Amino acid sequence: MAETGTRRGRPRAFDRDAVVEQATRLFWERGYEATSVGELTEVMGIRPGSLYATFGDKKSLFKEVVAAYGRTPGGAFMGRALEEETTAYGAFSRMLREAAEIYADPAHPAGCLVMCAAANVTGQDADIAAYLRDVREKGFEVFVARLEAARKDGELPRDSDPRALAAYFAAVLRGMSERARDGADSRELGSVAELALAVWPGRRS
């Protein structure tokens, strides 16, 4: 169990990072709505009272999970590629190729947590769907900004459409995540990544 004994009358202490990691895996596997508080407390090794006292509620826990996921290699690879590569093409090619490996990695649930967790969310949890949509939209705008800078710097042709290109790569990444959920391996996803890169404006193969 994650909880450890303390004096009577005081909440039991536990490793917050460890229990968030357990919650992350469950949300990633099942999605937000299909994951119950009872299932969460079971895999986290804590009591329902501890969950509510520490995280507030299931929605607040989920938002902490998403934030923590964004700091993991599987959640941070896109941002790192955009920050570390000196060209936009280098950033997006690295991003797509790494996605092919990460999304199909059997060490964790397939695909991307942020892309998968909102599947089948009903009206009662529309705020969670909106929250995840906002997270994805912020990432999309970062794509747009990088591609607009590439056009300004002459890396992309003047007549290219950075927003359309950003939407294209965002759609490809989401599709790769879904294919991974359906069982596609890194080889298949890698082939998709290479095909996607072939449309880069003004670039000769």
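Helices α9 and α10 are roughly antiparallel to each other, because their axes meet at about 170 degrees and angles over 145 count as roughly antiparallel. The model in which this packing is seen is a predicted one.

Two packed helices are described by the angle between their axes and the distance between the axes. The table gives these values for both pairs.

| Helix pair | Residues | Angle between axes | Axis distance |
|---|---|---|---|
| α9 and α10 | 162-181 and 186-197 | about 170 degrees | 10 Å |
| α4 and α8 | 58-69 and 126-152 | roughly 15 degrees | within 11 Å |

**The contact of α9 with α10**

From α9, the residues Tyr168, Phe169, Val172, Met176, Arg179 and Ala180 take part. Their partners in α10 are Glu188, Leu189, Val192, Ala193, Leu195, Ala196 and Leu197. By class, the residues of this contact comprise eleven nonpolar, no polar and two charged.

**The contact of α4 with α8**

The axes of α4 and α8 cross at roughly 15 degrees. This makes α4 roughly parallel to α8, and the crossing is right-handed. Lys59, Phe62, Lys63 and Val66 in α4 meet Asp127, Ile128, Tyr131 and Leu132 in α8. Five of the contact residues are nonpolar, none is polar and three are charged.

**Asp127**

Asp127 lies in helix α8 and is among the residues of the contact with α4. With a relative accessibility of 41%, Asp127 counts as partly exposed. Asp127 and Lys59 are separated by 68 residues in sequence, and their C-alpha atoms are 9.2 Å apart in space.

Conventions
Residues are numbered from 1 along each chain as its sequence is written. This is a predicted model: local features need pLDDT of at least 70, side-chain atom pairs count only at pLDDT 80 or more; totals for chains, interfaces and linings use all residues. Side-chain values use heavy atoms; hydrogens and water are left out. Axes are lines fitted to C-alpha atoms, for helices over the stretch in contact, and angles run from 0 to 180 degrees between N-to-C directions. Helices (H or I, at least four residues) and strands (E, at least two) are DSSP runs, numbered from the N terminus. Angles under 35 degrees count as roughly parallel, over 145 as roughly antiparallel, 65 to 115 as roughly perpendicular and the rest as oblique. A crossing is left-handed if the near helix is turned anticlockwise from the far one by less than a right angle, and right-handed if clockwise. Contact means heavy atoms within 4.5 Å. Ala, Val, Leu, Ile, Met, Phe, Trp, Tyr, Cys and Pro count as nonpolar, Asp, Glu, Lys and Arg as charged, and the others, Gly among them, as polar. Buried means under 20% relative accessible area, exposed over 50%, partly exposed in between (1.4 Å probe, protein chains only).
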